[in-house]
Amino acid sequence: MRDKHILVLGAGPAGSATAIGLVRLGYRVSLIGSSRSFAACEGISKRTLEGLRSAGCLKAATAVTGPSPKYASWNGGIRQFNTEHLVSRSQFDIKLSEDLRTAGVTQLSGRVLTVDESKQGWMILYQDSHSQKKTIRGDFLVEARGRSSALKDKKKIRGPETVSLLQHWKMQSTEDNAASMALSYPSGWVWLAKMGTDLYTQVTVSARDPRLPKKTALQPFIINELKRIPESHSWIKSAVPFGPSAARASTSILAGELVSKRQLRVGDAALAVDPLSGNGIFQSLSLGLSAPAVINTLIRYPKRAQLAVQFYREKCRETFFRFCRIGRDFYAQEQRWSEHPFWRERAQWPDVDPLHVEPEPAQTLIKMRPVLAQNQILNKAVLITSDQPLGIWRVAGIELAPILKELFEQPDHSRDWMKTRLLSEKGYQQSQRAALLDWLIGQRFIQ
Ligand SMILES: Cc1cc2nc3c(=O)[nH]c(=O)nc-3n(C[C@H](O)[C@H](O)[C@H](O)COP(=O)(O)OP(=O)(O)OC[C@H]3O[C@@H](n4cnc5c(N)ncnc54)[C@H](O)[C@@H]3O)c2cc1C
């Protein structure tokens with residue numbers, strides 16, 4: 001597929017995972033990216049680390065700290081959640097660039113100025129790191145410029161307008177003290193993260209908060225907000241602000257124009273959720289791992305273009321609303337200020353639908369739906385449940401629908417019948433069969 005030239009705009013986790021995946025499929029890929037202009041720390045889960053490795057971002061996966069405790073002071077009590085891995089985003093982004101080089105992605109360092117589409121394809125005007133204006137042409141465009149994506153999109157869905165104010169600090173401590181904490185307070189919530197001598201604070205408030213200062217007065221505003229929260233005092237007491245403050249938009253946004261025959265949005269440019277659900281890098285990687293198969297189908301199998309578009313749109317929409325509901329339920333747990341506009345609005349958005357619906361075997365359905373298989377999007381029979389509306393194609397690598405169809409024809413849904421049936425599935429390991437059996441029992445398909 002070297003004859004097709006794919007342009008990726010943005011070198012965060014989404015653009016990097018997509019570019020690496022496309023190179024692995026044999027496409028010629030050029031990625032244009034400029035570096036982040038502010039210091040930020042983020043927390044990622046073990047699952048995200050695994051996602052980084054499967055996306056080929058092995059060096060980026062080494063930029064994180066070991067697992068460190070994660071606390072929350074919410075609704076008047078302090079709880080320890082499991083753990084998370086903290087990462088300085090500038091270090092992480094440098095390592096992503098090394099991963100791109102290793103994978104063979106052509107990297108053009110610069111800022112995209114304009115994006116134009118014509119019958120011949122895409123034309124990008126960018127300013128390189130020496131302030132020279134240059135152009136590059138391509139056949140397919142991947143928009144991965146995160147929240148600063150500038151492509152036109154009139155059909156966006158937006159949550160309550162939210163902004164996060166960031167400050168990097170330096171501390172005396174050199175001990176291995178990595179930890180993070182989320183704290184609620186009447187006007188919003190704060191995230192604190194420390195690693196060695198670095199402390200990062202992030203104050204999240206409504207973007208309509210009338211007290212919000214001008215950019216030049218951000219630092220005193222952040223310090224005052226932190227002083228209002230007694231639990232933050234021990235974190236900042238021996239710290240001094242280091243470098244300028246920054247404001248990051250953190251409104252939840254789902255793009256309307258997610259994918260068409262010649263372009264696709266990935267990562268935050270497709271869907272960006274409120275950082276309270278804390279999974280942005282994971283979602284970006286998850287889309288970045290699917291995007292190459294969608295693009296491959298659009299380019300190589302145009303007869304299945306509509307199926308690929310359907311797959312990607314539904315995946316983005318489903319992911320967006322699932323994570324928005326996780327955020328909503330977390331906001332709703334804070335009851336002390338439930339009448340304060342910040343909390344009231346977020347505890348009700350995007351809807352009142354439950355996050356999780358207990359699947360009922362009687363309400364399941366087998367249906368043909370688009371799935372990702374063999375680096376493309378195919379139409380396959382899948383199991384639809386109330387909790388998995390996009391369908392489950394395989395469990396432990398074994399296709400579910402054919403086995404379930406036979407099971408539904410059995411008079412008694414017995415474990416013995418299923419064990420014998422699974423043994424007849426050639427080419428699978430015992431561990432896969434055992435995992436599927438456990439899953440079927442857990443979902444109450446067999447007794
Ligand atoms: C306040 C806040 C806190 C967060 N905390 C967490 C957290 O703790 N854990 C977590 O998992 N996620 C967190 N996230 C979400 C996470 O940052 C994003 O979901 C993730 O980085 C999205 O990846 P991406 O590749 O889509 O975009 P980005 O990582 O934003 O990458 C986009 C890239 O495009 C580049 N770019 C932008 N414009 C141009 C241009 N014109 N030309 C060239 N390049 C350009 C940018 O410099 C950047 O390198 C947080 C988000 C916010 C706002």
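**Notebook: pockets, cavities and helix packing**

I started with the second largest pocket and found that H7 gives the largest share of its lining, ten residues. (Helices are DSSP runs of H or I with at least four residues, strands are E runs of at least two, and both are numbered from the N terminus.) I'm working with a predicted model, where local features need pLDDT of at least 70 and side-chain atom pairs count only at pLDDT 80 or more, while totals for chains, interfaces and linings use all residues. Residues are numbered from 1 along each chain as its sequence is written, and side-chain values use heavy atoms, with hydrogens and water left out.

**Entry 1: the second largest pocket**

I got a volume of about 1,200 Å³ for this pocket. (A pocket is an open set of points on a 1 Å grid over the protein atoms alone, with protein on both sides within 12 Å along at least five of seven lines; a cavity is a set where a 1.4 Å probe fits but cannot get out; lining residues have an atom within 4 Å of a point. Points are joined across faces, edges and corners, and volume is the space filled by probe spheres set on them.) There are 34 lining residues, and the closest to the centre are Glu318, Arg322, Gln388, Leu390 and Gly391. H6, H7 and strand E21 (365-373) each bring at least two residues to this lining. I sorted the lining by class and got 16 nonpolar, eight polar and ten charged residues. (Nonpolar is Ala, Val, Leu, Ile, Met, Phe, Trp, Tyr, Cys and Pro; charged is Asp, Glu, Lys and Arg; the others, Gly among them, are polar.)

The largest cavity comes out at about 120 Å³. Its lining has 16 residues, with Ser252, Asp274, Cys324, Tyr331 and Trp349 the closest to the centre. H7 (residues 305-333) turned up again here, giving the most to this lining with five residues. I noted six nonpolar, seven polar and three charged residues around the largest cavity.

The second largest cavity has a volume of about 60 Å³. Among the residues lining it I wrote down Cys41, His168, Trp191, Tyr200 and Arg248. Strands E11 (162-171) and E14 (198-206) are the elements that give two or more residues to this lining. Its classes are six nonpolar, four polar and one charged.

**Entry 2: H6 and its partners**

How do H1 and H6 pack? I looked up H1 (residues 13-24) against H6 (residues 280-300): the angle is about 30 degrees, and the axes are 8 Å apart. (Axes are lines fitted to C-alpha atoms, for helices over the stretch in contact; angles run from 0 to 180 degrees between N-to-C directions.) H1 and H6 are therefore roughly parallel (that means under 35 degrees; over 145 is roughly antiparallel, 65 to 115 roughly perpendicular, the rest oblique). Their crossing is right-handed (the near helix is turned clockwise from the far one by less than a right angle; anticlockwise is left-handed). In contact (heavy atoms within 4.5 Å) I saw residues including Ala17 and Gly21 of H1, and Gly288 and Ala291 of H6. This contact has nine nonpolar, four polar and no charged residues.

H2 (residues 46-54) also packs on H6, at about 30 degrees with the axes 9 Å apart. H2 and H6 are therefore roughly parallel too, but H2 passes H6 in a left-handed crossing. Arg47, Thr48, Gly51, Leu52 and Ser54 of H2 meet Ile281, Phe282, Leu285 and Leu289 of H6. I counted five nonpolar, three polar and one charged residues in this contact.
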